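Hi,

Here is the structure I said I'd pass on.

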Amino acid sequence: MLTLHLTGQLDDVELLPGSGTPMAPNEDTITANPLGKIPCLIGDDGAAIFDSRVICRYLDHRAKGGLYPQGDALFPVLTVEALADGIIDAVLLTAYEWRLRPEELRFQPWVDGQTAKVERALAVLEQTDLILTGEVNAAKIAVACALGYVDFRLSDLGWRDSCPKLAAWYAEISEMPPMKATVPVG
Ligand SMILES: N[C@@H](CCC(=O)N[C@@H](CS)C(=O)NCC(=O)O)C(=O)O
């Protein structure tokens with residue numbers, strides 16, 4: 001959603017409800033994406049593009065948005081984008097543990113392991129100039145989304161104390177209208 005805003009393509013898409021869970025997949029979503037996961041972008045020809053990183057790359061390509069650098073500079077951006085996506089995956093898995101799994105089946109060491117992934121990744125981002133300086137790029141978009149999701153689902157993590165530079169960066173960009181328009185809500 002943030003990439004749609006930032007590349008000026010919001011009016012080119014129709015937003016459809018599509019959320020589901022592994023136990024209760026959304027029928028329309030699994031028709032387009034057998035994994036049953038959103039986001040999923042369906043073209044006019046019915047062909048689906050899924051996984052947020054692939055969708056963002058397509059949207060940038062379509063709008064010539066310049067969010068992905070050319071040449072060797074591309075790979076650090078893709079790697080940090082993957083790191084941010086991994087944060088979201090780990091947070092989602094912890095959220096599924098308390099949202100979907102019956103209490104007697106929950107396994108705290110596994111939740112702690114997912115949370116540790118998030119903490120290690122945030123510690124790396126705290127030292128990552130690619131995020132803290134320079135123009136908007138796909139990595140920054142992914143990290144902004146990841147931090148919003150951490151705040152949404154792991155609100156007691158307290159990451160701002162251990163990552164003050166990242167916290168200051170996030171506070172500043174959170175004032176941008178596209179960020180305000182895409183805050184995760186339950
Ligand atoms: N790496 C994927 C993750 C997508 C993902 O896990 N989406 C969740 C959003 S809640 C989902 O649809 N889960 C449903 C399921 O796992 O069945 C992406 O960025 O697109």
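This is a predicted model: local features need pLDDT of at least 70, side-chain atom pairs count only at pLDDT 80 or more; totals for chains, interfaces and linings use all residues.

**The ligand site**

The shell around the ligand is made up of 13 residues, and those that come nearest are Lys-37, Ile-38, Ser-52, Asp-85 and Tyr-96. Sorted by class, that shell has 5 nonpolar, 4 polar and 4 charged residues. Helix 4, which runs over residues 74-100, contributes the most to it, with 4 residues.

The side chain of Ser-52 has an N or O atom 2.3 Å from an oxygen atom of the ligand. For Tyr-96, a side-chain N or O atom sits 2.9 Å from a nitrogen atom of the ligand. Pro-22 takes part through its backbone, where an N or O atom is 3.2 Å from a ligand oxygen. As for how much of the ligand is covered, it exposes 510 Å² when taken alone, and the protein buries 82% of that.

**The second largest pocket**

This pocket has a volume of about 160 Å³. Its lining consists of Pro-22, Met-23, Leu-93, Tyr-96, Glu-97, Leu-100, Arg-101 and Trp-110.

**Salt bridges**

Side chains of opposite charge can pair when their charged atoms come close. I count 5 salt bridges in the model, using a 4 Å cut-off between the nitrogen and the carboxyl oxygen. One to look at is Asp-85 with Arg-53, where the closest N and O atoms are 3.2 Å apart. That pair links distant parts of the chain, with Asp-85 in helix 4 and Arg-53 in helix 3 (residues 52-63), 32 residues apart. Asp-85 is also among the residues that come nearest to the ligand.

Which two residues does a cis peptide bond join? They are Ile-38 and Pro-39, with omega at about 5°. Pro-39 lies in the loop between helix 2 (27-32) and strand 1 (40-42), and Ile-38 is another of the residues nearest the ligand.

The other spot to check is Asp-51, which has a positive phi of about 85° although it is not a glycine. You'll find Asp-51 in the loop between strand 2 (48-50) and helix 3.

Cheers

Methods:
Residues are numbered from 1 along each chain as its sequence is written. Side-chain values use heavy atoms; hydrogens and water are left out. A residue is near a molecule or strand if one of its heavy atoms lies within 4 Å of it. A polar contact is a pair of N or O atoms within 3.5 Å; within protein, one must be able to donate a hydrogen and the other to accept it, and residues adjacent in sequence count only if both atoms are side-chain atoms. Accessible areas come from the Shrake-Rupley method with a 1.4 Å probe; for residues, only the protein chains shown count as cover. Helices (H or I, at least four residues) and strands (E, at least two) are DSSP runs, numbered from the N terminus. Ala, Val, Leu, Ile, Met, Phe, Trp, Tyr, Cys and Pro count as nonpolar, Asp, Glu, Lys and Arg as charged, and the others, Gly among them, as polar. On a 1 Å grid over the protein atoms alone, a cavity is a set of points where a 1.4 Å probe fits but cannot get out, and a pocket is an open set with protein on both sides within 12 Å along at least five of seven lines; lining residues have an atom within 4 Å of a point. Grid points are joined across faces, edges and corners, and a volume is the space filled by probe spheres set on the points. A salt bridge is a side-chain nitrogen of Lys or Arg within 4 Å of a carboxyl oxygen of Asp or Glu.
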